[in-house]
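Subject: The structure I promised you

Hi,

Have it open while you read.

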There are 2 protein chains.
Amino acid sequence: MRNAEFDREHVLRAAMHAFMNKGYAKTSMQDLTKATGLHPGSIYCAFDNKRGLLLAALDQYQQDRTTELQGFFSGKGPVLSQLKNYLDSIVGECLLTGVPQACLLTKALSEIASQDEEIQAMITANLSGWQQALTDKFSLAQANGELSSQRDSAHLGRFFVMGIYGLRTFAQTSPEPAILQQLADQLFQDVCA
Amino acid sequence: MRNAEFDREHVLRAAMHAFMNKGYAKTSMQDLTKATGLHPGSIYCAFDNKRGLLLAALDQYQQDRTTELQGFFSGKGPVLSQLKNYLDSIVGECLLTGVPQACLLTKALSEIASQDEEIQAMITANLSGWQQALTDKFSLAQANGELSSQRDSAHLGRFFVMGIYGLRTFAQTSPEPAILQQLADQLFQDVCA
DNA sequence: CTCTTTCTTGAATATACGTTCAAGATACGC
DNA sequence: GCGTATCTTGAACGTATATTCAAGAAAGAG
């Protein structure tokens, strides 16, 4: 008997960043061996192939993002300000330099969804889980009386998610802090008023 | 003397669709020769290389989209309903089947922007031209008294564009007509009210 | 300590890709 | 109708790629 030597989460985060930097197709196995520190044989042993590594990386990404989101809603204040903090943090993320700013899920969706049903299904499931988590926050805000119960929380969740998709794409065209913040503020206002 | 035999626009539209289907990296020269009907030598003679073909296709895409947009605003009715028609047509486009629904500009931006400054610059310029065209329509609506002059037309243009980015991404995750239309309606209402 | 199982290593393999180029075909000028 | 300039053709080239595999290293069992 003998256990694997590498740290799976560490490896997957490295692969995540490689895929976010160059996209799936342009990221070569050589890039991946350099990024992860693993040799080709080890990658193929642990993840079958390049595609399997992407699937595992997508899964890790979703886990990381889920715990990150939960962090914003673990406190005791009003849900709506937690939501605003969350949105503002996304604006901040879009403005980081030297780090891939795009969301791995939407990036992979745009690149490969139409060519691989399984990957498409996985990404869609992950994004829709995220959307549901946000929808639940709107429902909670309604239950707390912070938001009119007249509104459809599912619709608010969808519109909020759509806005974040748009914000991230917009940030790729002109990453100006003041403008992105203004767009985020408007989005939040339209959703919560 | 002898003139080229192929129709440049026809070839570029074929290349456009090929790139929209598979993305830049995954579209092979073999795909492109099949799609365009041109032999490798002809492509390299006319466009230098695969990258040059993409640049030319991006240019053609922008031209096609510009004339398409102008068509929505050539009539005499209120600008705001023309804008609504334009937005609705995008919803319709997202729901087409068998045809690539994504915007070539944003798709290419997501795939290659971080790796090629010239392509990034071209895409950014094209998208910002589109944004400006829409901003001009908001200004026109204000001049016509259809829209409060209190509002910042540049901001409205940006928010509208952001919404369309988001709508297109959302459509890739769940292309349900009623939901997309509801999102578009909300976007239009938030922008115009 | 030794054996055996499992993991690691990285060179080797086959394939697919972007690109080139020399030969052949075609249209225009004279 | 001929000559020439230009375009077209598609096979050939070198490279880069994803993947495999057999040899070597390491860890646990007895």
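Let's begin with the open spaces. The largest pocket holds about 550 Å³ of space. A quick word on terms: on a 1 Å grid over the protein atoms alone, a pocket is an open set of points with protein on both sides within 12 Å along at least five of seven lines, while a cavity is a set of points where a 1.4 Å probe fits but cannot get out, and lining residues have an atom within 4 Å of a point. Grid points are joined across faces, edges and corners, and a volume is the space filled by probe spheres set on the points.

Before going further: this is a predicted model, where local features need pLDDT of at least 70 and side-chain atom pairs count only at pLDDT 80 or more, although totals for chains, interfaces and linings use all residues. Residues are numbered from 1 along each chain as its sequence is written, chains are lettered from A and ligands numbered from 1 in the order in which they are written, and side-chain values use heavy atoms, with hydrogens and water left out.

At least two lining residues each come from helix 1, helix 5 (79-95) and helix 8 of chain A, and from helix 6 (104-112) and helix 7 (117-143) of chain B. Helices here are DSSP runs (H or I, at least four residues) and strands are too (E, at least two), numbered from the N terminus. Helix 8 of chain A gives the largest share of this lining, 3 residues. Sorted by class, the lining has 11 nonpolar, 9 polar and 4 charged residues. For the classes, Ala, Val, Leu, Ile, Met, Phe, Trp, Tyr, Cys and Pro count as nonpolar, Asp, Glu, Lys and Arg as charged, and the others, Gly among them, as polar.

The second largest pocket has a volume of about 410 Å³. Its lining counts 21 residues, with A:S114, A:Q120, B:Q101, B:A102 and B:Q172 nearest the centre. Here the largest share, 4 residues, is from helix 8 of chain B. The lining splits into 11 nonpolar, 8 polar and 2 charged residues.

How many cavities of 30 Å³ or more does a search of the whole structure find? It finds 3. The largest cavity has a volume of about 330 Å³. It is lined by 18 residues, and A:S110, A:T169, B:T106, B:S110 and B:T169 are the closest to its centre. Helix 6 and helix 8 of chain A, plus helix 6 and helix 8 of chain B, each give two or more residues to this lining. By class, that lining has 6 nonpolar, 8 polar and 4 charged residues.

The second largest cavity holds about 40 Å³. Among the residues lining it are A:F19, A:Y24, A:L54 and A:E111. Helix 6 of chain A supplies the largest share of the lining, 5 residues.

**Where the chains meet**

Now for the interface. 35 residues of chain A are in contact (heavy atoms within 4.5 Å) with 35 residues of chain B. The two chains bury about 3300 Å² between them, 60% of it on carbon and sulfur atoms. Buried area is the accessible area (1.4 Å probe) that two parts lose on being put together, summed over both.

Which elements of chain A give two or more residues to the side that touches chain B? They are helix 1 (8-22), helix 6 (104-112), helix 7 (117-143), helix 8 (153-173) and helix 9 (177-192). Helix 8 of chain A provides the largest share, 13 residues. That side of chain A has 12 nonpolar, 16 polar and 7 charged residues.

Over all chains, the structure holds 20.

**Chain A itself**

Chain A has 9 helices and 0 strands. Its C-alpha trace spans about 60 × 40 × 30 Å along its principal axes.

Cheers

How values were computed. Salt bridge = Lys/Arg side-chain N within 4 Å of Asp/Glu carboxyl O.
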